[in-house]
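Open the model in your viewer and follow the stops below. Each stop tells you what to select and what is there.

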Amino acid sequence: MTIEEFRELALTFAGATEGQHMRHPDFRAHGKIFATLGYPDASFGMVKLAPHDQADMVERHPHAFVPVKGAWGLQGSTSVRLSNVTPDILAAALELAWQNSALDLKTKPKKISKRIGNEKSV
């Protein structure tokens, strides 16, 4: 798998766009990053999976997937060794990440204004 093949696969998902985050290409859908390229170096990509999907991918394909170190990894950010992943496995991981970007909008509670309860009675 090459960087360009990763890019082409990531951009096949509805609404996917390429941008940049911390000087690395990122792929967004539904306003959320679902994948990136080039971290920690050009031989890696990253997919944002749900923790249970991350565990499954790492268990089934340990040569290709490894959790990102630290808190991001605990939340599902998963490094992809481009040289060790096949297009069909990467496509499946990207699809899960893309789906999670849509679910994230539905499951995260909206922030409540701090002004609530501070209005004056008239």
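Select Arg 60 and Asp 56. In this predicted model, their side chains form a salt bridge, with N and O 2.9 Å apart. Both residues belong to helix H2, which covers residues 51-60. Four residues separate them, about one turn of the helix. Now colour by accessibility. Arg 60 is exposed, because its relative accessible area of 52% is over the 50% mark. Asp 56 has 32%, so it counts as partly exposed.

How many salt bridges are there by this rule? The count is four. Side chains of opposite charge can pair when their charged atoms come close.

**Next stop: Arg 7 and Glu 18**

Select Arg 7, then Glu 18. The two form a salt bridge, and their closest N and O atoms are 2.9 Å apart. This pair links distant parts of the chain. Arg 7 sits in helix H1 (residues 3-10), while Glu 18 sits in strand S1. They are 11 residues apart. Is Arg 7 buried or exposed? Arg 7 counts as buried, because its 17% relative accessibility is under 20%. Glu 18 is partly exposed, at 37%. Glu 4, Arg 7 and Glu 18 are linked in a network of salt bridges.

**Along strand S1: Gln 20**

Stay in strand S1, residues 17-21, and pick Gln 20. Its relative accessible area is 58%, so Gln 20 counts as exposed. Which residues does Gln 20 touch, leaving out those up to four places away in sequence? They are Pro 25, Asp 26 and Arg 28. Now draw a distance from the C-alpha atom of Gln 20 to that of Leu 37. It reads 9.5 Å, for two residues 17 apart along the chain.

**Two of those contacts: Asp 26 and Arg 28**

Keep Asp 26 and Arg 28 selected. Their side chains meet in a salt bridge, 3.1 Å from N to O. Asp 26 is buried, with a relative accessibility of 0%. Arg 28 is partly exposed, at 30%.

**Over to strand S3: Thr 36**

Asp 26 leads on to Thr 36, as the two are in contact. Thr 36 lies in strand S3, which spans residues 32-37. Its relative accessibility is 12%, so Thr 36 counts as buried. What else is in contact with Thr 36, aside from neighbours within four places in sequence? Show Phe 6, Pro 25, Phe 27, Gly 45 and Met 46 as well.

**Last stop: strand S6**

From Gly 45, look across to Val 80 in S6, which stands opposite. Select the whole of strand S6, residues 77-81. Four of its five residues are buried, so the strand is largely enclosed by the rest of the structure. Which strands pair with S6? Strand S4 (residues 44-48) is joined to S6 by five bridges, and the two run antiparallel. Strand S5 (residues 65-67) also pairs with S6 in the antiparallel sense, over three bridges. Finish on Phe 65. Its bridge partner in S6 is Val 80, the residue that also stands opposite Gly 45.

Notes
Residues numbered from 1 in each chain as written. Predicted model: local features only at pLDDT ≥ 70, side-chain atom pairs only at ≥ 80, totals over all residues. Heavy atoms only, no water. Buried < 20%, exposed > 50% of the residue type's maximum accessible area, 1.4 Å probe, protein only. Contact = heavy atoms within 4.5 Å. Pairing = 2+ DSSP bridges.
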